[in-house]
Amino acid sequence: SLQQTCLEAIASGLQKYKPYLLLVETSIPSSNDRVTWMRSSTQQLAELITNQLKAELGITNLREAKLQVSTSEQSSTTDWSTQVTVHVILRDFTKFIELTARAIRFMRTQSSL
């Protein structure tokens, strides 16, 4: 169904950003509380959606993104490239969350029809 497809895409997208948000958290020590909150909230949301898919639809095999971000590679780069990387990660994550909010609103309107 459309709802199942949307929820699977949202859950796998949230999983995809886990290592990237960890990189952001380690790269920005000054705003660590906010980044830590964002990372843990993202993880909780991914778990909630995954559990909903398992409970309501019986789906146990999600397409999990198998991405790894090496922090050792990042430590050898310059401060400038680290800042650019963090900026790109946060920009892309913001776009993903905006699209996720649209998808959820769309699913709500479809279910109320």
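1. Aromatic pairs. Three aromatic pairs are present in the structure, which is a predicted model. A pair of aromatic rings is described by two quantities, the distance of the centres and the angle of the planes. For Tyr17 and Phe96, the ring centres lie 5.6 Å apart and the planes stand at 40 degrees. Planes under 30 degrees apart would count as stacked and planes over 60 as edge-to-face, so this pair is classed as tilted. The pair also links distant parts of the chain, for Tyr17 belongs to helix H1 and Phe96 to helix H4, 79 residues apart.

2. Are Tyr17 and Phe96 buried or exposed? Tyr17 has a relative accessibility of 7% and therefore counts as buried. Phe96, with a relative accessible area of 18%, is buried as well, because the limit for this class is under 20%.

3. Overall architecture. The protein contains four helices and zero strands. Read from the N terminus, its elements follow the order α-α-α-α. Of the contacts with a separation of 6 or more, 79% are between residues 24 or more positions apart. The student may wish to keep this figure in mind when reading the points on individual residues, including the pair of Tyr17 and Phe96 at 79 residues apart.

4. Burial and surface. The protein has 113 residues, and buried residues make up 30% of them. Its accessible surface comes to about 7800 Å². Carbon and sulfur atoms account for 54% of that surface.

5. The largest nonpolar core. How many residues does the largest nonpolar core have? It has 15 residues, and those with the most contacts inside it are Ile10, Leu14 and Ile49. At least two residues of this core come from each of helix H1 (2–27), helix H2 (32–57) and helix H4 (79–111). Helix H1 gives the most, with seven residues.

6. When neighbours within four places in sequence are left aside, Ile10 is in contact with Ile49, Phe96, Thr100, Ala103, Ile104 and Met107. One of these partners, Phe96, is the residue whose ring pairs with that of Tyr17.

7. The salt bridge of Arg39 and Glu25. The structure holds two salt bridges. In one of them the side chains of Arg39 and Glu25 meet, at 2.4 Å from N to O. Arg39 lies in helix H2 and Glu25 in helix H1, so the pair ties together parts that are 14 residues apart in sequence.

8. The surroundings of Glu25. Glu25 is a charged-pair partner through its salt bridge with Arg39, and its place is in helix H1. With neighbours within four places in sequence left aside, Glu25 is in contact with Asn32, Val35, Thr36 and Arg39.

9. The salt bridge of Asp92 and Arg91. Asp92 forms a salt bridge with Arg91, and the closest N and O atoms are 3.0 Å apart. Arg91 has a relative accessibility of 38% and counts as partly exposed. Asp92 is partly exposed as well, with a relative accessible area of 28%. Both values lie between the limits for buried, under 20%, and exposed, over 50%, which is why the intermediate class applies.

10. Asp92 and Tyr17. Asp92 is found in helix H4. Along the chain, Asp92 and Tyr17 are 75 residues apart, while their C-alpha atoms are separated by 9.5 Å. Tyr17 is buried, whereas Asp92 is partly exposed.

11. Thr50. Where does Thr50 lie? It lies in helix H2. With a relative accessible area of 13%, Thr50 is buried. Its side chain reaches the backbone oxygen of Ala46 at 2.7 Å.

Definitions and conventions:
Residues are numbered from 1 along each chain as its sequence is written. This is a predicted model: local features need pLDDT of at least 70, side-chain atom pairs count only at pLDDT 80 or more; totals for chains, interfaces and linings use all residues. Side-chain values use heavy atoms; hydrogens and water are left out. A nonpolar core is a set of buried Ala, Val, Leu, Ile, Met, Phe, Trp, Tyr and Cys residues joined through side-chain atoms within 4.5 Å. Buried means under 20% relative accessible area, exposed over 50%, partly exposed in between (1.4 Å probe, protein chains only). Contact means heavy atoms within 4.5 Å. Rings of Phe, Tyr and Trp (its six-membered ring) pair if their centres lie within 6.5 Å; planes under 30 degrees apart count as stacked, over 60 as edge-to-face and the rest as tilted. Accessible areas come from the Shrake-Rupley method with a 1.4 Å probe; for residues, only the protein chains shown count as cover. A polar contact is a pair of N or O atoms within 3.5 Å; within protein, one must be able to donate a hydrogen and the other to accept it, and residues adjacent in sequence count only if both atoms are side-chain atoms. A salt bridge is a side-chain nitrogen of Lys or Arg within 4 Å of a carboxyl oxygen of Asp or Glu.
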